[in-house]
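Subject: Structure handover

Hi,

Here is the structure for you to look through. Please open it first, then read my notes below.

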Amino acid sequence: MNLLHEMTNGTLYHLDCTFLADIRFCRESADTIVLYFPQKPSEDFPKKFFLMPEGKRYDYRAFIFTLSEEIRHCHDKENAEGQYTARAVTKDVPEERKNFRVYVTFRGALLLDGQTKDVKIKDIGTGGFQFVSKQKFQPGTMVSTIIPGIKAPIHITARIKKQRPVRGERLYGYGCQFIDLSPKAEMLIRNYVFQTEVLQAKAKKELEEHASQN
């Protein structure tokens, strides 16, 4: 899964999901990018931030990066004033995650304090899931929900760990970590994630083959 392209536009967000800056970046490897700033960033530019690449398929995907070097001024032939660049690294892209995940879209219901909250689950992995909602939630909150497994629904408990940026007005994204999964539930989730990934890869290949024939 190559989710970040060689040179593209993107948006940076603070870790509280507020807007930081529009950016151009180049991917050097699975875990390293080079950021290009047209002007010198402010002195309080954060060391850690979210990057959301442009494109609709990233509307619910953002990646946590950390600067690995100081922002520096570089001159080039096309721009007399030059530009500012810096490298940043991540362990948040799928290739680097310890817990593999797949991108999905299905409606879910979170049980919270005896009340049901409707959400949309946008990705799920062996360690947790992400959902989006029009309602705000507090990180640290414990929730329970049902994942539609391949053979049978899976009831799980999770903790909301972090708010994550999403594109879309009045929408909030949250990453959740599974809590106290039973061995059976963990196996069912792993099977669901693996089989979903296989089906998605097959569908993508068929689409590419169809496009190449036209």
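Tyr13 has a bridge partner in β2, and that partner is Phe19. Keep in mind that this is a predicted model. The two strands here are β1 (residues 7–13) and β2 (residues 19–27). They run antiparallel, and 7 bridges join them.

Their hairpin has 5 residues between the strands. Cys17 lies in that loop between β1 and β2. Its phi is positive, near 75°, and Cys17 is not a glycine. Why point that out? Because most residues other than glycine have a negative phi. Is Cys17 buried or exposed? Cys17 has 15% relative accessibility, so it counts as buried; the cut-off for buried is under 20%.

Phe25 has Leu35 of β3 as its bridge partner. The hairpin from β2 to β3 has 4 residues.

Look back at β1 for Thr8. Thr8 counts as buried because its relative accessibility is 10%. Which residues does Thr8 touch, leaving out those up to four places away in sequence? They are Ile23, Arg24, Phe25 and Glu54.

Another residue with a positive phi is Asp180, at about 50°. Asp180 is not a glycine either. You will find Asp180 in the loop between β13 (172–178) and α1 (183–213). Asp180 has a relative accessible area of 75%, so it is exposed. The cut-off for exposed is over 50%.

Next, the aromatic rings. The structure holds 8 aromatic pairs. One of them is Phe37 with Phe45: the ring centres are 5.4 Å apart and the planes stand at 85°, so this pair is edge-to-face. Phe37 and Phe45 are both buried. Phe45 also pairs with Phe49, with centres 5.9 Å apart and planes at 65°, so that pair is edge-to-face too. How buried are these rings' residues? Phe45 has a relative accessible area of 13%. Phe49 is at 0% relative accessibility.

Phe129, Phe131, Phe137, Tyr174 and Phe178 form it.

Last, find Arg61 and Tyr103. The charged end of Arg61 sits over the ring of Tyr103, 3.7 Å from the ring centre.

Best wishes

Notes. Residues are numbered from 1 along each chain as its sequence is written. This is a predicted model: local features need pLDDT of at least 70, side-chain atom pairs count only at pLDDT 80 or more; totals for chains, interfaces and linings use all residues. Side-chain values use heavy atoms; hydrogens and water are left out. Two strands pair if DSSP finds at least two bridges between them. Buried means under 20% relative accessible area, exposed over 50%, partly exposed in between (1.4 Å probe, protein chains only). Contact means heavy atoms within 4.5 Å. Rings of Phe, Tyr and Trp (its six-membered ring) pair if their centres lie within 6.5 Å; planes under 30 degrees apart count as stacked, over 60 as edge-to-face and the rest as tilted. A charge sits over a ring if NZ of Lys or CZ of Arg is within 6 Å of the ring centre and within 35 degrees of the ring normal.
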